[in-house]
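This report looks at charged side-chain pairs in the structure shown below. Which side chains meet in salt bridges, and where do they lie?

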Amino acid sequence: MPVIHPDLTARRWASRLTAEFRSGACHAGCYETSVVMAAAPELVREDERRGLPENPASLLVAIRDGAATFEEAGVAAAYCGNPAAATREEGEETLKVLGRIVVEAVQERLGRETRPA
C-alpha cells in the first residue's frame with residue numbers, strides 16, 4: 001500500500017495556506033486554532049484564547065537555527081502566531097484547502113490526473 005503524505009512545508013502546498021502558516025509562526029496560533037475552532041470548537045478555551053498576545057516567533061527559523069526547546073525558540077508559552085485572531089470561518093476554509101491538497105496528493109500518487117475542485 002502506498003504511503004501518501006503531502007509535505008505542507010513544500011512551497012507548492014504552503015503557498016495555498018495562510019500567511020501565518022507560511023511564516024512558521026503558527027504553532028497553536030491563528031492557523032491551527034482556526035482549524036480546531038472549525039473541527040472541534042469545544043476544545044478551544046475561548047476566554048484564554050482571546051486574551052493571548054501575538055507571538056511572532058517562528059519555530060521554522062528557531063529550529064533551523066538550532067533551538068531545542070520552546071524557551072530557546074521564544075515560545076515559552078507553547079504557542080506562536082496569533083491565536084486571538086483565529087476564526088471558525090478561517091478554519092473551515094483551511095480545512096477545504098487541506099482536503100484539496102490531500103485529494104491531489106492521492107491522485108498524483110495513483111497516477112491520476114488532478115481536476116480543480
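In this predicted model, the side chains of glutamate 46 and arginine 50 meet in a salt bridge, with an N to O distance of 2.8 Å. Both residues belong to helix α4 (residues 46-51), and because they are four residues apart there, about one helical turn separates them. Glutamate 46 is partly exposed, at 26% relative accessibility.

A salt bridge also links glutamate 89 and arginine 88, at 3.1 Å from N to O. Glutamate 89 has a relative accessibility of 48% and counts as partly exposed, and arginine 88, at 40%, is likewise partly exposed. Salt bridges with shared partners join Glu46, Asp47, Arg49 and Arg50 into one network.

Arginine 16 forms a salt bridge with glutamate 104, and the closest N and O atoms of this pair are 3.0 Å apart. Arginine 16 lies in the loop between α1 (11-14) and α2 (19-23), whereas glutamate 104 lies in helix α6 (residues 88-109), so the pair ties together parts that are 88 residues apart in sequence. Arginine 16 is partly exposed, with a relative accessible area of 31%, while glutamate 104, at 17% relative accessibility, counts as buried, since buried means under 20%.

The distances of these pairs are set out here.

| Salt bridge | N to O distance |
|---|---|
| Glutamate 46 and arginine 50 | 2.8 Å |
| Arginine 16 and glutamate 104 | 3.0 Å |
| Glutamate 89 and arginine 88 | 3.1 Å |

A search of the whole structure finds nine salt bridges, among them the one between arginine 16 and glutamate 104.

Key. Residues numbered from 1 in each chain as written. Predicted model: local features only at pLDDT ≥ 70, side-chain atom pairs only at ≥ 80, totals over all residues. Heavy atoms only, no water. Salt bridge = Lys/Arg side-chain N within 4 Å of Asp/Glu carboxyl O. Helix = DSSP H or I, 4+ residues; strand = E, 2+ residues; numbered from the N terminus. Buried < 20%, exposed > 50% of the residue type's maximum accessible area, 1.4 Å probe, protein only.
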